[in-house]
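Please read the points beside the sequence and the coordinates.

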Amino acid sequence: MKKGFITLTVNGDAHEVAVSSRHTLLDVLRGKLQLMGTKEGCTTGSCGVCTVNNARGEAVLSCLTPALEWDGQAVTTIEGLEKNGQLAPIQQAFIDYHAVQCGFCTPGVIMSAQAVLNLTPTPGEDDINDGLAGVICRCTGHIKVKEAIRHAGDYVAGRKA
Ligand code: FES
Ligand code: FES
C-alpha cells in the first residue's frame, strides 16, 4: 500500500496530511480535517452528497477521488463558501426559497449548484438540470432547489435585499 504526505489547500488554508492509497478526498476532509459539512452517503459515486469544488470551480465527488491525487491541489467545501460571516449568494437563496428539508444532501447540492454558477452566473434550465444530475435528495424533488439556483444571481447583482 502506497503511503505519504500530501499538501492540500482547503478553503484557502494549506494542510499537510498523512494518507495512504486507501484514503479518498472525503476521508481526508471528514476523518483527518474534521470538516463534517461534506457528507458521506453511498461512497460509490451514486448520490452526490460528497460533492466539493476543485480549483477550477468544478463539482467533484470526493468519495471517488484518491487522496494521493490531490497533492498540491485546492478544494472548496461547503464550509468555505461563507466569507466574513456572510453567506454566499447560493446559501442565502437556499434559505429564502426553502430549498432545504432534512439538510443531509444540502451541502452536496449547494456545491453542485455553486459549480453551475461558477461557469454560468445566470443559468438556464438545462444548465441547472445538468448540474443537479448527480445529486439525489431523498426528502423531496428539485423544484425548490432549482428555484433557489435560478435566483442566486439576483443576490450577486443586488436585485434582492
Ligand atoms: S457519497 Fe459520494 S457519491 Fe455518494
Ligand atoms: S433535504 Fe433531505 S435528503 Fe435532501
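1. The centres of domain 1 and domain 2, taken over C-alpha atoms, are separated by 21 Å. The model under discussion is a predicted one. Domain 1 covers residues 3–77 of the protein chain, and domain 2 covers residues 89–156.

2. The two domains touch one another: 13 residues of domain 1 are in contact with 12 residues of domain 2. On the side of domain 1 that touches domain 2, strand β3 (residues 51–54) provides the largest share, with 3 residues. By class, this side of domain 1 consists of 5 nonpolar, 6 polar and 2 charged residues.

3. A separate point concerns a pair of helices. How do the axes of helix α3 and helix α4 cross, and within what distance do they come? Helix α3 spans residues 106–119 and helix α4 spans residues 125–132; their axes come within 9 Å and cross at roughly 140°. Because of this angle, α3 counts as oblique to α4; the cut-off for roughly antiparallel is over 145 degrees.

4. The crossing of α3 and α4 is right-handed. On the α3 side, the contact is made by S112, A113, A115 and V116. On the α4 side, D127, I128, G131 and L132 take part. By class, the contact of α3 with α4 comprises 5 nonpolar, 2 polar and 1 charged residues.

Notes. Residues numbered from 1 in each chain as written. Chains lettered and ligands numbered in written order. Predicted model: local features only at pLDDT ≥ 70, side-chain atom pairs only at ≥ 80, totals over all residues. Axes fitted to C-alpha atoms, helices over the stretch in contact; angles between N-to-C directions. Helix = DSSP H or I, 4+ residues; strand = E, 2+ residues; numbered from the N terminus. Parallel < 35°, antiparallel > 145°, perpendicular 65-115°, else oblique. Left-handed = near helix turned anticlockwise from the far one by under 90°. Contact = placed C-beta atoms within 7 Å. Nonpolar A, V, L, I, M, F, W, Y, C, P; charged D, E, K, R; others polar. Domains from an automatic or database assignment.
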